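Let's walk through this one together. Keep the sequence and the 3D view open side by side.

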Amino acid sequence: MVVINRLLILGLMFMASIAHAAVLPDERIDILYHGYDGGGAQIDGPSILVRKSIGSSVSVAANYYVDMVTSASIDVEATASPYSEERKEQGLSAQYMVDRSTISVGYVSSKENDYDATTYSLGIDQSFFGDLTTLGFGVSFGEDIVGQNTDPTYKRDLQRRKYSINASQIITKNLLASLSFDSASDQCLNLADTESCLNNPYRSVRFLTGTGGYAYQGEIYPHTRNSDAVGLRLMYFLPYRASLRAELRQFSDSWGIESENAELRYLHPYGERFLFEVKYRIYDQTGADFYADLFPFRDAQNFMARDKELSPFSSTVLGLGVTYKVPAGTIPWFEKSTVNLYWDHFNIDYDDFRDARVSPTEFAAGSEPLYSLDADVIRFYLSFWF
Amino acid sequence: MIARLSLLLAMLLCIAACSPIKPWVKPYERQKIADEIMSFDRDPIAGSYLHHVYDAREAARGGDGASGGGCGCN
């Protein structure tokens, strides 16, 4: 923690005098298959991105993304039935470049059978000091409607806001830095005190019944959540052609959660055709003030949560990946094409979330084994530049 | 803590704006940082998906240089 703080301050000092000239992003098509398998949940599907320039100062992009979910996670097994569902996301964005500035607008719509989310975003980047420094500001507004499959009358309105500042800097011929600060707020609209919108409406908390056993009741969350996050990323070109990327991030929110994470990535080209990547990430968070694995009695607090993502835990991610550059001319119409395969393995150890699926005759309430989760994430994608 | 760091950033930016700064890395010295292996977000579609997984599995959000939309990941 102290080390992270010191490094962040060091990074801020570098940012004082401020990375890239304003240029439009590459024209490209990406076709991705993504797969997540862990903790009883399988989520996979495609994602397609098309980005095209119009003239010399405008770039537009469209993204289509699908999550196909089959879940029998620990939450589901404890209090509900396994389910399958689909989420479709569509996004449009445009960038307009004028001199050393880039103005960006974006729209994202996400729909599933019990959750609709719409996000609008606006951002501006400006480069300074001979393009050594780029400073950017962004804002996004979101409007969500939370539903529930088992109750057609269940409808919760949620408003999201996010404000961002990004600064990137060329520090030396071999070193780049990027500092990001985000402040986000979520606000439920038109809700009664006893209602919640920021939680999963299917999830329950468990409480002791007084007879040695436990029972479940619905979660109750605050109607607002505010959070701040600051992240520093550094990229270094090694004495031979390879790069090292370091990332540090600190997060805190109004629910009492604090987290830090650090990541180190090594990227190594091999010959003219291959890029190999290895990555290691550590993450640690404290729990929300109103989280408990087991409450002492029914209605024990005004706010109650048993979401394992709000519990204290630590996790590691090991990632390996390879990119193959297809020889030019192999695929007609495209200047450059790549085939990419990336695998990430997550290991999450929960400090205060117990596996309540065990037999209550074998384990007393509150003495069940702590839960841990392993997950594999696959990204296989083809990229084409034109 | 984060507010203090942000204030420090703002102050340093203001100070820096008061003095002329000449690029200390000349354009002809930037071939290494222009290399594709020095991109923070080389393949945006793959990067944004991994951020989506992080957001779904962790309470933290933001501070990663990525923009995101609502996903119903509660």
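Before we look at where the chains meet, here is the rule: two residues are in contact if their C-beta atoms, placed from the backbone, lie within 7 Å. This is a predicted model, in which local features need pLDDT of at least 70 and side-chain atom pairs count only at pLDDT 80 or more, while totals for chains, interfaces and linings use all residues. Residues are numbered from 1 along each chain as its sequence is written, and chains are lettered from A and ligands numbered from 1 in the order in which they are written.

So who takes part in the contact? Chain A puts in 79 residues and chain B puts in 42 residues. On the side of chain A that touches chain B, the largest share, 8 residues, comes from strand E12 (residues 224-237) of chain A. Strands here are DSSP runs of at least two residues, labelled E and numbered from the N terminus. Sorted by class, that side of chain A has 36 nonpolar, 28 polar and 15 charged residues. Nonpolar covers Ala, Val, Leu, Ile, Met, Phe, Trp, Tyr, Cys and Pro, charged covers Asp, Glu, Lys and Arg, and the others, Gly among them, count as polar.

Now follow the chain on from E12(A). A hairpin of 5 residues joins E12(A) to E13(A), and the two strands pair in the antiparallel sense over 11 bridges. Strands pair if DSSP finds at least two bridges between them. If you want a spot to look at, A:Gly231 stands opposite A:Arg249 in E13(A).

E13(A) also pairs in the antiparallel sense with strand E14 (residues 258-270) of chain A, over 10 bridges. Here A:Arg245 has A:Arg265 in E14(A) as its bridge partner. The hairpin of E13(A) and E14(A) has 4 residues between the strands, and A:Gly256 takes a positive phi near 90° there. Is strand E13 (residues 243-253) of chain A mostly covered or mostly open? It's mostly covered, with 9 of its 11 residues buried. A residue is buried if 20 or more other C-beta atoms lie within 10 Å of its own, exposed if 12 or fewer, and partly exposed in between, with C-beta atoms placed from the backbone.

Next, find A:Leu32, in strand E1 (residues 28-38) of chain A. A:Leu32 counts as buried because 22 other C-beta atoms lie within 10 Å. Its contacts include A:Pro46 and A:Tyr381, along with B:Ile45, B:Ala46 and B:Tyr49.

Finally, a word on confidence. The predictor gives the complex an ipTM of 0.91 and a pTM of 0.88. Chain B averages a pLDDT of 80, and 64% of the residues score at least 70; pLDDT is the predictor's confidence in each residue, from 0 to 100. Where pLDDT is low, the predicted coordinates should not be read in detail.

Definitions and conventions: Lists of a residue's contacts leave out its neighbours within four places in sequence.
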